[in-house]
Amino acid sequence: MIVVTGGAGFIGSAVVWKLNRSGRNDIIIVDELGSENKWKNLNGLSFEDFYHKEDFINYIISDSVPFETEAIIHLGACSSTTEKDADYLMDNNVHYSQELAKYALENDARFIYASSAATYGDGSNGYDDDESRLEELRPLNMYGYSKHLFDLWVKRNGLLDKVVGLKYFNVYGPNEYHKGDMRSVVHKAFQQIMSDGKVRLFKSYNPEYKDGGQKRDFVYVKDAVDMTLFFLENRDKNGIYNVGTGNAQTWIELVTAIFKALDKPVNIEFIDMPEDIRDKYQYFTQANLNKIRSAGYGKKIMNVEEGVKDYVQNYLMKKEYLAL
């Protein structure tokens, strides 16, 4: 079986979708559905079984997993950058990941896990996926720190040549509908345009960037999935890798692409940024992709204009989920 933790979530369900499209349905989904609409991400996907995340970790710890494991694609985590419960993040994002990694290695299963570009902090140390410089990174929030701690654990235990960690940058696309405030700006902006005819963006508080000129590496989920599954197919490639486009684009470029996909005039209003996030705000992120390209990943990666057009016209306007 291929285990996909967080398999009902945004990137996780997209990974299951792509596995299905390649003919794989020997998949175990591990997640926590709760009472929201996350279950809709699974509607139309094909998989063998579903396990609650607590039940699955109990199977792992007691070494009683009831199936053979080919791979664990570990995407399950609390991904809220505003989560304040540090103990919860330690248990959920660090200790849970450690148990899965140990189990995978003991059972010769491929282990691919989600790290995050949030580990890079304000970017003052760059965005190079160079494991020799991991200790220099200073995340700005507890979520990023929890991901960083697991990266450091992997390195400290000599596992960089045995597992794969993926530092996802700003991922957007279908199946993020359940994420509330953690949805991408594409989804939020689409709703604003449909209801108000305009998009609200944060003003800049950095003199180097004009309002809306803040730049991020926005990567479409279909590309993020292809880059993830590259490592399932290439077990000889290990270490920590960036997952992005390698080309930072501005918020203005992003929302302009949404207006264009909707064939509507651009209408942007700049609003004050909440004071509690001003000192934690990333004004620039850009993945260095030299490492993943050198590993053999050669597919073309969509830019904002291409990814947003597909997302808006084929999913958001049709209220569609990724499905077979």
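Colleague: Is aspartate 108 buried or exposed in this predicted model?
Modeller: The model is predicted. Aspartate 108 has a relative accessible area of 60%. Exposed means over 50%. So aspartate 108 is exposed.

Colleague: Which residue just after α7 takes a positive phi?
Modeller: Helix α7 covers residues 251-262. Just after α7, a phi of about 55 degrees is found. The residue is aspartate 263.

Colleague: How do α2 and α3 pack: oblique or parallel?
Modeller: Helix α2 (residues 53-61) and helix α3 (residues 86-106) have axes 10 Å apart. The angle between them is about 45 degrees. Roughly parallel would need an angle under 35 degrees. The two helices are therefore oblique.

Colleague: Valine 94 lies in α3. Is it buried or exposed?
Modeller: Valine 94 has 4% relative accessibility. The cut-off for buried is under 20%. Valine 94 therefore counts as buried.

Colleague: Which residues does valine 94 contact, leaving aside neighbours within four places in sequence? How far is its C-alpha from that of aspartate 63?
Modeller: The contacts of valine 94 beyond those neighbours are Leu89, Ser146, Leu149 and Phe150. Aspartate 63 is 31 residues away along the chain. The C-alpha separation of valine 94 and aspartate 63 is 19 Å.

Colleague: What span does α6 reach?
Modeller: Helix α6 (residues 221-233) has 13 residues. At 1.5 Å a residue, 18 Å is expected. From first C-alpha to last, α6 comes close to that, reaching 18 Å.

Colleague: How many residues of α6 are buried?
Modeller: The buried residues of α6 include Val221, Ala224, Met227 and Phe230. Lys222, Asp223 and Asp226 are also among them. Helix α6 is largely enclosed by the rest of the structure, because the buried count among its 13 residues is twelve.

Colleague: At what angle do α1 and α6 cross?
Modeller: The axes of helix α1 (residues 10-21) and α6 come within 9 Å. The two helices are therefore roughly perpendicular. The crossing is right-handed. The angle is roughly 65 degrees.

Colleague: How do the residues in the contact of α1 with α6 divide by class?
Modeller: On the α1 side are Phe10, Ile11, Ala14, Val15, Trp17, Lys18 and Leu19. On the α6 side are Val221, Lys222, Val225, Asp226, Thr228, Leu229 and Leu232. They divide into ten nonpolar, one polar and three charged.

Colleague: How far apart in space are isoleucine 112 and valine 163?
Modeller: In sequence, isoleucine 112 and valine 163 are 51 residues apart. In space, C-alpha to C-alpha, their separation is 6.1 Å.

Colleague: What is the handedness of the crossing of α7 and α10?
Modeller: The axes of α7 and helix α10 (residues 304-316) come within 9 Å and cross at roughly 45 degrees. That makes α7 oblique to α10. The crossing is right-handed.

Colleague: Which residues of α10 meet α7?
Modeller: Helix α7 brings Glu253, Leu254, Ala257, Ile258, Ala261 and Leu262. Among these, Leu254, Ala257, Ile258, Ala261 and Leu262 are buried. The α10 residues are Val304, Glu305, Val308, Lys309, Val312 and Gln313.

Definitions and conventions: Residues are numbered from 1 along each chain as its sequence is written. This is a predicted model: local features need pLDDT of at least 70, side-chain atom pairs count only at pLDDT 80 or more; totals for chains, interfaces and linings use all residues. Side-chain values use heavy atoms; hydrogens and water are left out. Axes are lines fitted to C-alpha atoms, for helices over the stretch in contact, and angles run from 0 to 180 degrees between N-to-C directions. Helices (H or I, at least four residues) and strands (E, at least two) are DSSP runs, numbered from the N terminus. Angles under 35 degrees count as roughly parallel, over 145 as roughly antiparallel, 65 to 115 as roughly perpendicular and the rest as oblique. The expected span of a helix is 1.5 Å times one less than its number of residues. Buried means under 20% relative accessible area, exposed over 50%, partly exposed in between (1.4 Å probe, protein chains only). Contact means heavy atoms within 4.5 Å. A crossing is left-handed if the near helix is turned anticlockwise from the far one by less than a right angle, and right-handed if clockwise. Ala, Val, Leu, Ile, Met, Phe, Trp, Tyr, Cys and Pro count as nonpolar, Asp, Glu, Lys and Arg as charged, and the others, Gly among them, as polar.
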